[in-house]
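Open the structure in your viewer and keep the selection tool ready. The tour moves from one selection to the next and says what is there.

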4 protein chains.
Amino acid sequence: MKVVADLCIVPMGVGPSVSSYVREIKAILEASELDAEMHANGTNIEGELADICRLIELCEARLAELGVQRVFFTMAFSSRRDKEQSMADKLAAVS
Amino acid sequence: MKVVADLCIVPMGVGPSVSSYVREIKAILEASELDAEMHANGTNIEGELADICRLIELCEARLAELGVQRVFFTMAFSSRRDKEQSMADKLAAVS
Amino acid sequence: MKVVADLCIVPMGVGPSVSSYVREIKAILEASELDAEMHANGTNIEGELADICRLIELCEARLAELGVQRVFFTMAFSSRRDKEQSMADKLAAVS
Amino acid sequence: MKVVADLCIVPMGVGPSVSSYVREIKAILEASELDAEMHANGTNIEGELADICRLIELCEARLAELGVQRVFFTMAFSSRRDKEQSMADKLAAVS
């Protein structure tokens with residue numbers, strides 16, 4: 001199932017500053033083959049839901065290597081069958 | 001990666017009443033082997049993230065059979081390595 | 001604007017166990033005049049959006065008293081004009 | 001309470017294409033005094049939570065004028081007391 005997702009990963013039990021952890025997450029997301037764009041509150045990612053979930057597991061594993069024992073995630077995503085629509089298409093449609 | 005998730009599935013392009021679609025989703029979630037509890041705004045589900053994603057795809061496919069061409073999903077979920085914690089444990093810890 | 005909301009409050013920079021903080025949040029939400037039901041991943045709350053936001057600010061202020069300097073919140077909520085629908089109505093409609 | 005929020009507004013009962021409605025929401029958000037940046041899955045907004053909620057109510061009212069009887073919203077937001085951090089600061093901290 002292809003989706004356009006908005007993913008936010010919140011390391012718990014560390015911080016309050018978490019930017020060093022977010023930089024590690026950003027490196028993993030951007031090194032992936034999926035189209036990922038970080039914004040001020042998360043990362044927009046386009047691809048198969050199963051691939052995005054594998055990426056999430058890589059991020060959680062990396063955070064665990066850095067000592068993060070608990071992670072909170074939010075993901076809003078949408079699927080569409082009436083037509084193909086990329087992240088760029090979605091933005092163009094409302095410009 | 002085992003998670004405790006809060007999943008909300010919003011059929012788009014149909015409604016405003018969507019209860020007939022939510023009943024179909026409820027049947028799929030409750031027929032699964034995962035521990036799932038529906039509440040007023042979604043369903044709490046416990047299990048491997050990959051299994052939950054497969055279940056989400058089953059729900060989207062069923063909605064498509066019913067004519068729903070676009071679906072919006074939100075999922076908040078957390079993973080924990082310092083100890084095992086089920087949905088029941090989480091509620092007990094704050095009772 | 002009357003809404004039915006699903007609110008999750010994640011204290012950052014403390015934990016990984018946050019149950020002591022969640023108990024404080026639960027006390028504030030349940031002491032309010034709004035109809036609030038805690039579930040394994042958050043709390044369902046029914047009421048005017050502005051009242052729910054004031055309640056959120058009370059929770060954040062209490063967490064600050066407990067030393068929490070940063071808080072992450074997620075809130076999914078819906079409004080409806082075609083008919084009145086309480087949390088109980090929503091559950092009954094899909095039973 | 002000042003927050004940095006990621007807001008997504010989903011008109012229900014219309015569509016599946018909702019871009020005409022999202023354009024109306026975009027106009028309201030960008031005409032406001034709050035710093036708002038639309039991205040592929042929603043809009044990042046910075047400001048007092050109460051002001052953001054008033055803006056949400058304006059959007060819902062406009063959608064109602066356009067015939068939308070039901071709206072689903074998701075909002076992830078964070079507050080911080082250890083230091084001031086704008087949306088731009090958040091992005092700069094992970095660049």
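**Stop one: a loop residue in chain C**

Select C:Leu34, which is found in the loop between α1 (19-31) and β2 (35-39) of chain C. Helices (H or I, at least four residues) and strands (E, at least two) are DSSP runs, numbered from the N terminus. This is a predicted model, in which local features need pLDDT of at least 70 and side-chain atom pairs count only at pLDDT 80 or more, while totals for chains, interfaces and linings use all residues. Residues are numbered from 1 along each chain as its sequence is written, chains are lettered from A and ligands numbered from 1 in the order in which they are written, and side-chain values use heavy atoms, with hydrogens and water left out.

Is C:Leu34 buried or exposed? With a relative accessible area of 19%, C:Leu34 is buried (buried means under 20% relative accessible area, exposed over 50%, partly exposed in between, with a 1.4 Å probe and protein chains only).

Now show what C:Leu34 touches: leaving out residues up to four places away in sequence, the list is C:Leu29, C:Ile45, C:Glu46, C:Gly47, C:Asp51, C:Ile52 and C:Leu55. Contact here means heavy atoms within 4.5 Å. Then select C:Glu65, 31 residues from C:Leu34 along the chain; their C-alpha atoms are separated by 23 Å.

**Stop two: aromatic pairs**

Over all chains, a search of the whole structure finds six aromatic pairs. Rings of Phe, Tyr and Trp (its six-membered ring) pair if their centres lie within 6.5 Å; planes under 30 degrees apart count as stacked, over 60 as edge-to-face and the rest as tilted.

Select A:Phe73 and B:Phe77: the ring centres are 4.7 Å apart and the planes at 5°, so this pair is stacked. A:Phe73 lies in strand β4 (residues 70-80) of chain A and B:Phe77 in strand β4 (residues 70-80) of chain B, so the pair joins two chains. A:Phe73 counts as buried at 0% relative accessibility, and B:Phe77 counts as buried at 1%.

Next, select C:Phe73 and D:Phe77, a pair that is stacked because the centres are 4.7 Å apart and the planes at 5°. Both residues, C:Phe73 and D:Phe77, are buried.

**Stop three: chain B against chain D**

Colour chains B and D. The contact takes 13 residues from chain B and 13 residues from chain D. On the side of chain B that touches chain D, the elements that give two or more residues are β1 (2-12) and β4 of chain B.
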